[in-house]
Amino acid sequence: MPQPPLLRLPVGGRRRRTARVGGVAVVLVLAAAACSGGTGFTDETPTGADDGVDDGTVTVLIGSSGAAETEAVEAAVSAWSSESGIRAEVIVAADLNQQLSQGFAAAEPPDVFYLGTDQFAAHADNGSLHPYLDALPQAADFYPSLLRSFTYAGTTYCAPKDFSTLALIINTDYWAAAGLTDADLPTTWAQLREVATALTTDTHVGLSFAPEWQRIGAFLAEAGGSLTSPDNDRATVDSPENLEALEYVQDLIGSGVAAFPSTLNTGWGGEALGSGSAAMVVEGNWIVGAMAADFPDVRYRVVELPEGPGGRGTLQFTNCWGVAAGTDTEAAVELVADLTSPQAQLAFADAYGVMPSVATAAQQWSGDHPDQAAFLAGADYAHGFPSAPGAAAVLADFNAQLEGLPDADPADILASVHVDLQAVLGG
Amino acid sequence: MVVILGLFLVVPIAMAFWVSVSDWRGVGNPMTGAARFVGAANYSDVLLGDGLATKDLGRAMRNNLYYVLAVVPLQTILALTLAVLVHRRVVAGRGFFRSAFYFPSVTSSVAITVVFLFLFSATGAVNRLLAVLGVEGPNWFADPRGVVHLALGAFGIRAPYESGPVLLGLSWWNWISGPSVAMCVLIVLAVFTTSGTFMLLFLAALQHLPGEVEEAAVVDGATPWQRLHRITVPMLRPTLFTVITLGLIGTWQLFDQVYTGTQGTPGKTTLTPAYLSYQTSFQQQEWGQGAAIAFLLFAIIVVSTLVGRWLLRERDTTAPHRLRPARRPGTGSGS
């Protein structure tokens with residue numbers, strides 16, 4: 001809350017004093033409402049220097065996970081810059097979505113930027129993106145499932161810059177201590193429940209994952225469920241498959257063999273695993289870097305998620321290189337072509353633990369990271385984020401309801417999310 | 001003056017209002033043909049729709065209403081109490097106490113929010129203290145349960161039946177939930193940080209009160225409580241009005257703590273209209289709806305300020321009358 005300004009009350013007759021206080025209050029109210037207007041179009045865009053509309057500089061706005069990612073992108077961009085002779089500048093956003101929105105509102109967007117799947121559809125819908133995918137030489141090499149996340153109304157707009165999938169991460173010391181061997185690695189839901197039970201002790205739970213679609217969605221996929229039909233036309237949330245998945249998750253939590261990270265007093269699954277509060281977690285590629293940085297002594301292995309009643313399933317997460325419509329698009333697309341080349345992507349993968357979005361780099365990546373093969377295996381059956389404007393808000397609501405899953409009726413949750421998702425899909 | 005007011009007040013408000021009745025989607029200048037007039041569509045989408053936008057506004061309104069109802073009285077009473085305490089000349093080291101009570105107010109709200117996130121974590125200092133007392137504390141910031149629901153649950157009362165939405169997409173059972181456990185932490189935080197500021201306002205007013213009235217009351221044999229209740233507080237009415245007005249404005253605009261701390265979680269129980277407006281605009285690119293929410297918030301603040309003003313209005317009684325309690329029963333002036 002903003003600190004209220006100190007007011008010295010005007011002196012005067014009692015009547016007049018009240019009236020003046022009222023006047024002051026109305027002015028305060030007006031000023032306050034103006035502040036909370038939530039519309040940033042009068043603000044200078046904080047994206048920094050020029051945006052290359054006329055001066056030939058390509059600005060690249062990224063939301064970085066840390067120094068490693070920033071340095072890798074800066075190195076790649078400056079290498080391209082010296083090769084092509086076009087000036088380019090990398091800006092690390094403090095709040096990517098907000099700075100991007102302000103850039104577009106001020107008609108001074110960055111030329112190239114990270115764009116998340118949850119933000120993609122809204123930006124494609126309001127015409128701020130330049131669809132350039134077909135102009136890329138490696139257009140055919142991207143995983144089709146990744147491209148689907150960046151296709152809106154029949155047009156694929158931007159190139160996925162890399163991706164991650166979810167897998168099961170196991171603390172190998174706990175695994176051995178519970179007397180489990182490689183033969184016990186869970187391949188079905190029933191086995192997952194068994195090992196989670198075996199791994200649960202007084203000091204840690206067997207399994208942990210955050211109460212959000214971005215983790216529990218893997219169980220929906222394993223049950224054979226989904227959020228939307230493949231063409232994103234209609235919602236398929238309220239299905240028996242999804243219900244079975246939520247009931248399974250509810251049972252895991254209810255029986256005490258699984259817990260959300262927050263109830264283990266940790267911020268996310270990686271912390272739950274690293275701090276020893278959980279023996280297994282459902283997390284993605286990013287956990288590798290986090291474990292190396294924060295918990296270098298914890299030994300773990302990465303295996304594929306077990307099959308559910310609907311077969312294998314996991315979720316994939318990706319960002320694309322967005323190019324703003326109407327700016328210096330030609331140079332921007334050239335830069336993106338360079339940044340999404342297999343060599344550049346393999347360098348990024350080494351720097352900050354993502355997987356290349358082009359299938360041609362898969363083999364080398366597997367060779368470089370044999371211990372993470374399970375993440376790449378997930379690419380074949382992973383589900384992505386539904387690309388529809390408003391879907392992000394629906395999933396945020398889904399997540400809010402999933403927080404209450406232990407005490408809630410899964411059928412109610414699915415029914416309400418189904419209605420909301422159908423509404424944004426244009427039903 | 002006119003230029004400054006126009007540039008920083010009138011023009012932004014007018015532009016925001018235009019956005020709230022337009023279909024502007026966040027690209028280009030909304031004043032130059034990038035947006036079309038859509039009438040009250042944005043307002044009806046967030047107020048009368050049956051979709052997520054309406055439900056979210058309903059939740060945000062509910063959360064913030066409970067927040068206001070808790071914070072404004074608590075911080076006003078606490079500020080007045082502190083002011084009266086440190087105003088007394090007999091208190092040893094009152095300069096120290098004045099500074100100490102004011103200190104939270106000059107600290108950045110972001111810093112305090114972060115400190116509170118640690119204090120109220122599942123195994124944080126607060127829960128350890130409660131454990132010493134034999135109480136198992138909740139997982140504060142991860143607990144979406146409303147306190148009224150919890151209280152009813154203690155008597156075995158659960159959601160009786162699903163009544164369907166009654167207002168802004170929420171059922172009446174959802175409306176009466178009370179602030180969630182997580183929101184209660186934000187309530188404590190707000191009272192903690194703002195009471196010092198308002199204490200200063202009360203203190204300044206107390207120092208300007210004529211001492212003779214107080215002395216006369218002492219001579220008349222009024223007890224300290226009567227002197228506070230019948231003399232000091234009525235004479236502080238203009239300050240009380242200021243404090244309550246500033247409190248209402250500030251509490252309805254709850255944003256910092258949500259943005260830096262909870263982001264509306266758990267279960268959207270710390271979602272507030274100000275944060276929802278931001279989220280709708282910047283994350284969902286629904287700028288028209290975001291601006292509409294901001295104007296609804298503005299309307300709520302104006303109305304609640306006017307109500308506060310009416311409740312604290314000057315009546316044709318004077319302080320001496322008020323020394324005779326039987327004379328005007330039930331005036332309910334809030335003093």
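1. A salt bridge here is a side-chain nitrogen of Lys or Arg within 4 Å of a carboxyl oxygen of Asp or Glu. Keep that cut-off in mind for what follows. The model is predicted. A search of the whole structure finds 17 salt bridges over all chains.

2. Start with B:Asp56. Its salt bridge with B:Lys268 has the closest N and O atoms 2.9 Å apart, which is within the 4 Å cut-off. B:Asp56 sits in helix α3 of chain B, while B:Lys268 is in the loop between α13 (256–262) and α14 (273–282) of chain B, so the pair ties together parts that are 212 residues apart in sequence. Both B:Asp56 and B:Lys268 are buried.

3. B:Asp56 also pairs with B:Arg59. Their side chains meet in a salt bridge at 2.8 Å, N to O. What separates these two along the chain? B:Asp56 and B:Arg59 are about one helical turn from each other, because they are three residues apart in helix α3 (residues 52–87) of chain B. B:Arg59 is buried, and so is B:Asp56.

4. Now widen the view to the network. Salt bridges link B:Asp56, B:Arg59, B:Lys268 and A:Asp397.

5. Chain A has a salt bridge between A:Lys161 and A:Asp162. The side chains meet at 2.9 Å, N to O. Are these residues buried or exposed? A:Asp162 is buried, with a relative accessible area of 5%. A:Lys161 counts as buried too, at 3% relative accessibility.

6. Turn to the surface. A patch of negative charge gathers A:Glu241, A:Glu244, A:Glu247, A:Asp409 and A:Asp412. Helix α9 (residues 240–254) of chain A supplies the largest share, three residues. A:Glu247 lies in that helix, α9 of chain A. With a relative accessible area of 42%, A:Glu247 is partly exposed; a residue needs over 30% to join a patch.

7. Chain B carries a nonpolar patch on the surface. Its members are B:Val147, B:Val148, B:Leu150, B:Val166, B:Leu167, B:Trp172 and B:Ile176, with about 510 Å² of accessible area together. Two or more residues come from each of α7 (147–154) and β1 (165–167) of chain B. α7(B) gives the most, with three residues.

8. Take B:Leu150 as one of the patch members. B:Leu150 is in helix α7 of chain B. Its relative accessibility is 32%, so B:Leu150 counts as partly exposed.

How values were computed. Residues numbered from 1 in each chain as written. Chains lettered and ligands numbered in written order. Predicted model: local features only at pLDDT ≥ 70, side-chain atom pairs only at ≥ 80, totals over all residues. Heavy atoms only, no water. Patch = residues over 30% accessible without salt bridge, like charges linked within 9 Å, V, L, I, M, F, W, Y side chains within 5 Å. Areas by Shrake-Rupley, 256 points an atom, 1.4 Å probe, with all protein chains shown as cover. Lys, Arg positive; Asp, Glu negative; His and termini not counted. Charge placed at Lys NZ, Arg CZ, Asp CG, Glu CD. Helix = DSSP H or I, 4+ residues; strand = E, 2+ residues; numbered from the N terminus. Buried < 20%, exposed > 50% of the residue type's maximum accessible area, 1.4 Å probe, protein only.
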